[in-house]
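I opened my notebook to look through a model with a ligand in it. Here is what I looked up, entry by entry.

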Amino acid sequence: VDFGTGDGSFVLRTARRRPDTLVVGVDANGAGLAEASRRALAKPARGGVANALFGVLALEQAPGELVGLADELTVLLPWGSLLAAVARGEALGGLRELCRPDARVCFVLGYAAELDPGAAGLPDLDDAAGLERAYREAGFTVVVRPVTRNDVRALGTTWAQKLAFSPVPRRFVAVRGRVRR
Ligand SMILES: C[S@@+](CC[C@H](N)C(=O)[O-])C[C@H]1O[C@@H](n2cnc3c(N)ncnc32)[C@H](O)[C@@H]1O
């Protein structure tokens, strides 16, 4: 499951690369998913992707129908309340509940606290130990590591391309690990 998937292009690409895996993209904003969803539904000969699925789901309503579904969960370059949750390691119960026990998680986030709207008041991304502790309390065992702009670009999402070339100096971290059984 890719949570906060944006325009769905990451899900389409991942599903094409892993035809044996059901890849689900959800976002609070359904309008952004319309084009990717239409493409997924096309006939295979016309570029359809039968193992890609999209749905509208906000963090605040999670896990919804996805309860216990995910073997892997990604949150890539979120903003808004989704960014606040993964940056603080708080309000993550909905994400944890949509995972199977021992599911793998990978959250990549970044911001310039003084410059990005919505990032004011978020914690210092240098405090990896503090963030790991917050995730532990939320039921995840993770390691927090800084990531470079090149690593961000390599994510290949639409937003990753924008941020990788932005002149604003942002710090990025990856939060990788597992849901605790
Ligand atoms: C910067 S975009 C990144 C989209 C995509 N992951 C990418 O890398 O291209 C952040 C996404 O987070 C979604 N988002 C923000 N708050 C959310 C929430 N509370 N629940 C679900 N999605 C949320 C937004 O709708 C937006 O599509």
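The entries below go from the ligand to the loops, then to a helix and some aromatic rings.

**Entry 1: the kind of model**

I note at the start that this is a predicted model.

**Entry 2: the ligand and its polar partners**

I began with the shell: which residues come nearest to the ligand? I found 20 residues around the ligand, and Asp27, Leu76, Ser81, Thr157 and Trp159 come nearest. By type, the shell divides into 11 nonpolar, 7 polar and 2 charged residues.

Next I looked at nitrogen atoms of the ligand. For Leu59, a backbone N or O atom lies 2.9 Å from a ligand nitrogen. For Glu60, a polar side-chain atom is 3.0 Å from a nitrogen atom of the ligand. For Ala28, I read 3.4 Å between a polar backbone atom and a nitrogen atom of the ligand.

How much of the ligand's accessible area does the protein cover? On its own the ligand has 600 Å² of accessible area, and the protein covers 92% of that. I also checked which elements give two or more residues to the shell, and these are helix 3 (80–88) and helix 7 (158–164).

I located Thr157 in the loop between helix 6 and helix 7. Is Thr157 buried or exposed? Its relative accessible area is 8%, so Thr157 is buried, the limit being under 20%. Not counting residues up to four places away in sequence, Thr157 touches Phe10, Arg13, Leu76 and Leu77.

**Entry 3: Thr5, another loop threonine**

Thr5 sits in the loop between strand 1 and helix 1. Its relative accessibility is 9%, so I logged Thr5 as buried. The Thr5 side chain makes a polar contact with the side chain of Asp2, at 2.6 Å. Leaving aside neighbours within four places in sequence, I found Thr5 in contact with Val11, Gly25, Val26, Asp27 and Leu33.

**Entry 4: helix 1**

Which residues of helix 1 are buried? For this helix (residues 9–17) I wrote down Phe10, Val11, Leu12, Thr14 and Ala15. Phe10 is a contact of Thr157, and Val11 is a contact of Thr5. What covers the buried residues of helix 1 includes strand 1 (2–3), strand 2 (23–27), helix 2 (34–41), strand 3 (52–56), strand 4 (70–76) and helix 6 (149–155).

**Entry 5: aromatic rings**

I counted ring pairs with centres within 6.5 Å, and the count comes to 4 aromatic pairs. For Phe107 and Tyr135, the ring centres are 5.9 Å apart and the planes stand at 45°, so this pair is tilted. This pair links distant parts of the chain: Phe107 is in strand 5 (residues 99–111) and Tyr135 is in helix 5 (residues 128–137), 28 residues apart.

I then followed Tyr135 to Phe140. Their ring centres are 5.7 Å apart and their planes are at 75°, so I call the pair edge-to-face.

Ring pairs link Phe107, Tyr135 and Phe140 into a cluster. How accessible is each member? Phe107 has 0% relative accessibility, Tyr135 has 0%, and Phe140 has 0%. I marked Phe107 as buried, Tyr135 as buried and Phe140 as buried.

Definitions and conventions. Residues numbered from 1 in each chain as written. Predicted model: local features only at pLDDT ≥ 70, side-chain atom pairs only at ≥ 80, totals over all residues. Heavy atoms only, no water. Phe/Tyr/Trp six-rings, centres within 6.5 Å; stacked < 30°, edge-to-face > 60°. Helix = DSSP H or I, 4+ residues; strand = E, 2+ residues; numbered from the N terminus. Buried < 20%, exposed > 50% of the residue type's maximum accessible area, 1.4 Å probe, protein only. Near = heavy atom within 4 Å. Polar contact = N/O pair within 3.5 Å; in protein donor to acceptor, adjacent residues only side chain to side chain. Areas by Shrake-Rupley, 256 points an atom, 1.4 Å probe, with all protein chains shown as cover. Nonpolar A, V, L, I, M, F, W, Y, C, P; charged D, E, K, R; others polar. Contact = heavy atoms within 4.5 Å.
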